[in-house]
There are 2 protein chains.
Amino acid sequence: MLDIFNGIRDDLLIVEEELKQILETKNPLLETSTSLLNAGGKRLRPALSILGAKFGNYDLEEIKPLAVALELVHMASLIHDDVVDDSMTRRGAPTVKAIWGNGISANIGMYIFAKSLTLIAKYEDNPLISKVSAHASIKMCEGEIQQISTSFDSGQGVKDYFIRVKRKTALLISASVQLGAVACGAGRNIHLPLRRYGNCIGMAFQITDDILDLEADQKDIGKPVGSDLRQGIITLPLIYAFGKSGQRDRLLELARQVEKDEGEVQEAIELIRDCGAIDYSFKVARKYIEKSKRELTFLPDLPAKKTLYDIADFIDVRKY
Amino acid sequence: MLDIFNGIRDDLLIVEEELKQILETKNPLLETSTSLLNAGGKRLRPALSILGAKFGNYDLEEIKPLAVALELVHMASLIHDDVVDDSMTRRGAPTVKAIWGNGISANIGMYIFAKSLTLIAKYEDNPLISKVSAHASIKMCEGEIQQISTSFDSGQGVKDYFIRVKRKTALLISASVQLGAVACGAGRNIHLPLRRYGNCIGMAFQITDDILDLEADQKDIGKPVGSDLRQGIITLPLIYAFGKSGQRDRLLELARQVEKDEGEVQEAIELIRDCGAIDYSFKVARKYIEKSKRELTFLPDLPAKKTLYDIADFIDVRKY
């Protein structure tokens, strides 16, 4: 668990236990798959929903199904990601897909997603919860589909990228912190700033993720550097470099090339780095971080608020 | 549209229009995929939900979101099926997977499933609807996963088969007719017999499907004969033949063999047919049909009841 979650550590552990129970099954295949999934993970979405709830009439029992459901939706998307990426490892462990193949992965993804529904269904008195979570889930799939359908398409601009990232990542993170507050009865003056905060840190989170893909060691993020380039995902640093690189034509050629060898991936990474694209992207992420913090000023001064600041700072400097 | 749906034809066409609108998107890739999906299909689940609703205070506006949602859940499962089966065609048209690959399929499946949630969320005053539909969806995925994980496993008995079929097929069909009634305010004395009726015709539907896989022409069902055998799916006729075939050992060997050539598939089909497995399976399906009709006797004599009888008879003799 991240140190910044120390203040909600006990509650997060209870959520973790619940998550484990929900994923427990008698089917040996499902069992292996879900335990694979269950290992690791920052539990950012459950943590955010707990922190959001602190701004209402906090009650762990009230928030627990939501916290678990949000992590399940995230897990389902990770499994589908692995089908798309042909990833064989995630967080250093083999993926569900690597062990069982695409058919199982697609179904386990949907199974886990469906499990989240039974949890969300518990909030029948609070229809905003099912509406916002369903919307976030749909947009997440749309973002993912958009990412696949525009892979190797170097004609994408910064705006396309932002729309995609909002859908793929930011909306679920935003829903987590907003719905935490909603579940515990907080009013619009509370849950709307939290939603905007969540959107901003979600955007920053994905941008830093895209930067890390060009920078981090495999041992830190558990996957090889340059995997976005290999899959043809056009990320912010690359879009910037298309405009600024002295070797623009070569970079475009490399980006569009469906099969790249190790040397070509390295060459593309160096072209991206050399034109200042990493610095630029960090600056964009930092702007989102600053904006997220401005939203926090609308909220009462609770210990949870300090943690939300810490999360923003963590995303700003994270290396994994 | 099936002739037996003539009595609800206008309402089914309105549901069809709604389905089309829900699947409409500006993303060209999603557009192509969903229009592929949208073509064909018996619309059994929407029809059943409309018929169930006739036993309550019938209101098409009330039932429409449910009818569409149920078809979406079914579509999502079809897409995932195609990932599992490596099917390149369905109903004679190319599958989403054949055109776009597994990654897109997995995500489009989840996208379509998520779309169903926003529709189900409209029944916030009627929590049974979200509970039953979520349960049916989860079990459907479990059934699918069970099917994959037990493929080529000739140790399965009739009981394993029935559990799997109930999950994979019967529960969603059962939920369709039950929840139609629930959405229009019918009481337990109505929606419980409808649920049991739905379960029985769902079981019969899958059993006849499994028989058709050994019998039908490709032009009738839009897929090659023997595809279950090729995929290692252990169906009722095969389980029966394991017990009764004079060439049991050869059949077991063929069933377990992961790669089979055309001749071996034909040989297995003949061994299955020769021992009376088709007749036996039809008899089992017919028992479910009879049981489904007995449930109908608990219901008031409305025109919809006649259609439910017709559907049961259609499943009994269907060739596609």
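## Helix crossing in chain A

A crossing counts as left-handed if the near helix is turned anticlockwise from the far one by less than a right angle, and as right-handed if clockwise. In this predicted model, α8(A) and α9(A) cross in the right-handed sense. Helices here are DSSP runs (H or I, at least four residues) numbered from the N terminus.

The axes of α8 (residues 158–183) and α9 (residues 188–215) of chain A come within 7 Å and cross at roughly 145°; axes are lines fitted to C-alpha atoms over the stretch in contact, with angles from 0 to 180 degrees between N-to-C directions. Contact requires C-beta atoms, placed from the backbone, within 7 Å. Among the residues making it are A:Val165, A:Ile173 and A:Val177 of α8(A) and A:Leu194, A:Tyr197 and A:Phe205 of α9(A). The contact comprises 12 nonpolar, nine polar and three charged residues. Nonpolar covers Ala, Val, Leu, Ile, Met, Phe, Trp, Tyr, Cys and Pro; charged covers Asp, Glu, Lys and Arg; the others, Gly among them, are polar.

## Chain B against chain A

In chain B, 38 residues are in contact with 38 residues of chain A. On the chain B side, α2 (28–38), α4 (60–85), α6 (102–120) and α7 (127–149) each supply at least two residues, and α6(B) gives the most, with 15 residues. This side divides into 20 nonpolar, 13 polar and five charged residues.

## Conventions

Residues are numbered from 1 along each chain as its sequence is written, and chains are lettered from A and ligands numbered from 1 in the order in which they are written. Local features need pLDDT of at least 70 and side-chain atom pairs pLDDT 80 or more, while totals for chains, interfaces and linings use all residues.

Technical notes:
Two residues are in contact if their C-beta atoms, placed from the backbone, lie within 7 Å.
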